[in-house]
Amino acid sequence: MNLFGPGFGGFLLRRVTGVVVTLFAISVIVYVVFYVTPGNVAQITCGPRCSPAQVHQVAQNLHLDDPLFVRYWHFLEGIFVGQDYSTGAAVAHCSAPCLGESYQTGQQVTDIILTKLPVSLSLVLGGMVVWVILGVGTGVLSAWRRGRVSERLLTAVTLAGTATPVFVIGLVLMIVICGQLQLLPFPQYVAFTDDPEQWAWNLLLPWVTIALAESAPIARLTRASMLETLAEDHVRTFRAYGVGERSIVGRHALRGALAPVIALNANNLGANIGGAVLTETLFGLPGLGQELVQAVKVVDLPVVVGVVLVIGFFVVLANAVADVLYAVADRRVVLV
């Protein structure tokens, strides 16, 4: 028996194909933007402090004398099968997925990203749990209490959350909760594998900070979707048959209102993987956002390209998962 209904296999195949095509398009765009630019690409990639011999070596590693499609093929080859880099005196091997080598630090870009990625994932995934609970809960309550004082109060709070910058929210929370009340320690990242309890306690405040900023649009969208769903004919039929209001809201209206919320949440999740720069900087979290900013400052082009590709991958992946969840929530999507 097909758990997801007829047509789901074809729907899933179309989404997987779309993911592959989108990732390929992103790789082409990123490569063209960063490596097919006017000026001395080897000098820009190597950095302003490189000697002419080092610049020449970088030009050879990037195959700048080859035609554009050959250069791009070598770029893809590094991602899928790895690549060998000449350092002048020796040849270094970069295992797949190879995103290049930082000419500022001498590290493999993949190693840098693997070091920073767990921090960003810890921040964003934990924050997502909080902002979904806050956003969906507030939106459902606002729709249920429509026209009452509590609904106006919740609407005002969500508008305030949208208008307040994330660094202001985080700074106020740190001063009050960590400084004055001393309820939580000042955040300092601890790896989950080292101490899960300290990992959670140190990330609790960053989670709440990012959630307060992200939950506001989710709450407003949930409220609008709930009100639209509650006005549909089948909901009126449930009321006419005497079904309780809580059952209507929780079992019927909420499921129909979740589809657009899933799509918005996927965008927020993907964008925050590398876009939570302010939150990471405020709380001193060494994630991808901070690494990207530092790489831009010193013009470390391979690191910039690698981080942008990883962020693009997570944005596409999050939206693909959202499409599948969307189809599970609303079976009509499978037939489109």
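Biologist: Why are α5 and α12 oblique to each other?
Modeller: This is a predicted model: local features need pLDDT of at least 70, side-chain atom pairs need 80 or more, and totals for chains, interfaces and linings use all residues. Residues are numbered from 1 along each chain as its sequence is written; side-chain values use heavy atoms, leaving out hydrogens and water. The axes (lines fitted to C-alpha atoms over the stretch in contact, angles 0 to 180 degrees between N-to-C directions) of α5 (109-144) and α12 (288-297) cross at roughly 135°. Under 35 degrees is roughly parallel, over 145 roughly antiparallel, 65 to 115 roughly perpendicular and the rest oblique, so α5 and α12 are oblique.

Biologist: Which residues in α12 meet α5?
Modeller: Contact means heavy atoms within 4.5 Å. From α5 come I112, I113, K116, L117 and S120. Their partners in α12 are L288, G289 and E291.

Biologist: How far apart are the closest N and O atoms of R15 and D323?
Modeller: Side chains of opposite charge can pair when their charged atoms come close. R15 and D323 form a salt bridge (Lys or Arg side-chain nitrogen within 4 Å of an Asp or Glu carboxyl oxygen). Their closest N and O atoms lie at 3.4 Å.

Biologist: Which helix gives the most to the nonpolar patch?
Modeller: The surface patch includes F167, L181 and L278. Members have over 30% relative accessible area and no salt bridge; nonpolar side chains (Val, Leu, Ile, Met, Phe, Trp, Tyr) join within 5 Å, like charges within 9 Å. Helices are DSSP runs (H or I, at least four residues), numbered from the N terminus. With 6 residues, the top contributor is α7.

Terms used: Accessible areas come from the Shrake-Rupley method with a 1.4 Å probe; for residues, only the protein chains shown count as cover. Helices (H or I, at least four residues) and strands (E, at least two) are DSSP runs, numbered from the N terminus.
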